[in-house]
Amino acid sequence: MPLVRIDLNNTHTPESVRNIADAIHNAIVAVYAIPPRDRFQIINRHEPGSIIAEDAGLGFERSEGVVMIQIFTQQGRTPEVKQELYARIASELAEVGVAGEDVFIGYVENTFNDWSFGFGKAQYALGELAVPKA
């Protein structure tokens, strides 16, 4: 049950934004085998120039089409599975017109105690929801 934050410039059309969100979700569903309706995404569109994403010394340039993705999820997945997810996200995004150099992913892990789905309760910790297996 990842929570995904997607930041991009508002140079993307509304249709493109939805395609990007769907592509990211499709990759997560495929790699992590989560239910398709286990979808939590926050999409923020920004004025051009509001996202600064340089190359970190890797020698490539990003465009105004950059897509910044933050994935918040429970700990337990192997580095190999995470790499598979990153590759699948890039592949799915390429299919909707996002260049590989414009895909930036930050991955943050936590535990089942760190989630509340409503009513001020930690449903995993209280046993109201089954803790997903990694």
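Modeller: One term first: two residues are in contact when heavy atoms of theirs lie within 4.5 Å. The model is predicted.

Colleague: Which residues is His25 in contact with, leaving aside its neighbours within four places in sequence?

Modeller: With those neighbours set aside, His25 is in contact with Pro36, Asp38, Arg39 and Gln41. His25 itself is placed in helix H1.

Colleague: Is His25 called buried or exposed, and why?

Modeller: The relative accessible area of His25 is 7%. Buried means under 20%, so His25 is buried.

Colleague: How do you know that the span of helix H1 agrees with its number of residues?

Modeller: H1 covers residues 14-32, which is 19 residues, and at 1.5 Å a residue it should span 27 Å. The C-alpha atoms at its ends are 27 Å apart, so the two values agree.

Colleague: Which residues of H1 are buried, and what covers them?

Modeller: The buried residues of H1 include Ser16, Val17, Ile20, Ile24, His25, Ile28 and Tyr32. Their cover includes strands S1 (3-9), S2 (40-46), S3 (67-74) and S4 (103-110), together with helix H2 (79-95).

Colleague: What makes the phi of Ala33 worth a remark?

Modeller: Phi of Ala33 is near 55°, a positive value in a residue other than glycine.

Colleague: Where else is phi positive in a residue other than glycine?

Modeller: Phe119 has a phi near 65°. Phe119 lies in the loop between S4 and H3, and at 82% relative accessibility it counts as exposed.

Colleague: How many aromatic pairs does a search of the whole structure find?

Modeller: The search finds four. One of them joins Phe40 and Phe117, with 6.1 Å from centre to centre and 55° between the planes.

Colleague: Why is the pair of Phe40 and Phe117 given the name it has, and what does the pair tie together?

Modeller: The centres are 6.1 Å apart, and the limit is 6.5 Å, so Phe40 and Phe117 pair. Stacked needs planes under 30 degrees apart and edge-to-face needs over 60; the angle here is 55°, so the pair is tilted. Phe40 lies in strand S2 and Phe117 in the loop between S4 and helix H3 (123-126), so the pair ties together parts 77 residues apart in sequence. Phe40, at 34% relative accessible area, is partly exposed, and so is Phe117 at 32%.

Colleague: What makes the pair of Tyr86 and Tyr107 edge-to-face?

Modeller: The planes of Tyr86 and Tyr107 are 75° apart, and over 60 degrees counts as edge-to-face. The centres are 6.1 Å apart. Tyr86 lies in helix H2 and Tyr107 in strand S4, so this pair ties together parts 21 residues apart in sequence. Tyr107 is buried at 17%, whereas Tyr86, at 24%, counts as partly exposed.

Colleague: Why is the charged end of Arg77 said to sit over the ring of Tyr32?

Modeller: The distance from the charged end of Arg77 to the ring centre of Tyr32 is 3.7 Å. The limit is 6 Å, along with an angle within 35 degrees of the ring normal.

Colleague: Which members of the largest nonpolar core touch the most other members?

Modeller: The core has 22 residues, and those with the most such touches are Ile6, Ile20, Ile24, Ile69, Leu85, Ile89 and Leu93. S1, H1, S3, H2 and S4 each supply at least two residues, and H1 gives the most, with nine. Not counting residues up to four places away in sequence, the residues that Ile69 touches include Val4, Ile24, Ile89, Leu93 and Ile105.

Colleague: Why is Asn110 called buried?

Modeller: Asn110 has a relative accessible area of 17%, which is under 20%, so Asn110 is buried. Asn110 is found in strand S4. Its C-alpha atom is 6.3 Å from that of Thr73, 37 residues apart along the chain.

Technical notes
Residues numbered from 1 in each chain as written. Predicted model: local features only at pLDDT ≥ 70, side-chain atom pairs only at ≥ 80, totals over all residues. Heavy atoms only, no water. Helix = DSSP H or I, 4+ residues; strand = E, 2+ residues; numbered from the N terminus. Expected span 1.5 Å × (residues − 1). Buried < 20%, exposed > 50% of the residue type's maximum accessible area, 1.4 Å probe, protein only. Phe/Tyr/Trp six-rings, centres within 6.5 Å; stacked < 30°, edge-to-face > 60°. Core = buried A, V, L, I, M, F, W, Y, C linked by side-chain atoms within 4.5 Å.
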